[in-house]
Amino acid sequence: MKVLIASDHGGLNIRKEIITLLDEMSIVYEDLGCECNSSVDYPDYAIPVAKRVANREADFGILICGTGIGMSIAANKVKGIRCALVHDVFSAKMTREHNDTNILAMGERVIGPGLAREITKTWLTTQFVGGRHENRIGKIAEYEGVLENSLERK
C-alpha cells in the first residue's frame, strides 16, 4: 500500500501526526507538503494528490486542511476520485466499506490529533465489501466517464 498525504497551512499539525501513524503502521507514503504556516491555496495540494491517486501512482490519499471541506471539494473534481470528508470513526469505516473511497479528508480545526489517528487507522484498515455497493460505485464511474472502473484494482 502506498499513501500520498498533503495539507495546507491549516492542517500541518494533524498531517505530522498522521505521518507518525503511517510510520508506526509501516505504510509507505509520500508527503507532499505544505511546510509553512502562512496561507496557501488548498487546491494546489489536493488536486496533485487526487490526480496521482486517480492515475494509480498511489493506492490512497489523505488530505488535511482547516475543515477538510476545501480539500474534499477540490479532490472530488478529479475523475475517479471518491474523497470523503470524515470527522468520526464510524463514517471512516462506512466510507471504505460502502463507498470504496480512495481519499480521506479531515479538518484540523474540527478534530484533534487522537481522533484523527483513529479515523485514519480505521479508514486504512477497512476493506470495501463490494456486493450491492459495486453497482452504485459503477454508476458514479459511468457518470464521470471513467473508462476503467477502479474496483478492478482490488
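This is a predicted model: local features need pLDDT of at least 70, side-chain atom pairs count only at pLDDT 80 or more; totals for chains, interfaces and linings use all residues.
Local features here need pLDDT of at least 70 and side-chain atom pairs count only at pLDDT 80 or more, while totals for chains, interfaces and linings use all residues. Residues are numbered from 1 along each chain as its sequence is written, and side-chain values use heavy atoms, with hydrogens and water left out.

Me: In what order do the five strands form the open sheet?
Reply: Strands are DSSP runs of E with at least two residues, and helices runs of H or I with at least four, both numbered from the N terminus. Two strands pair if DSSP finds at least two bridges between them. In this open sheet the pairing is parallel, and the order is 2-1-3-5-4.

Me: Which residue in strand 5 stands opposite glycine 61?
Reply: Strand 3 (residues 60-65) and strand 5 (residues 103-107) pair in the parallel sense over five bridges. Opposite glycine 61 stands isoleucine 103.

Me: How far apart are the end C-alpha atoms of helix 1?
Reply: The expected span of a helix is 1.5 Å times one less than its number of residues. For the 13 residues of helix 1 this should give 18 Å, and the distance in the model, which agrees, is 19 Å.
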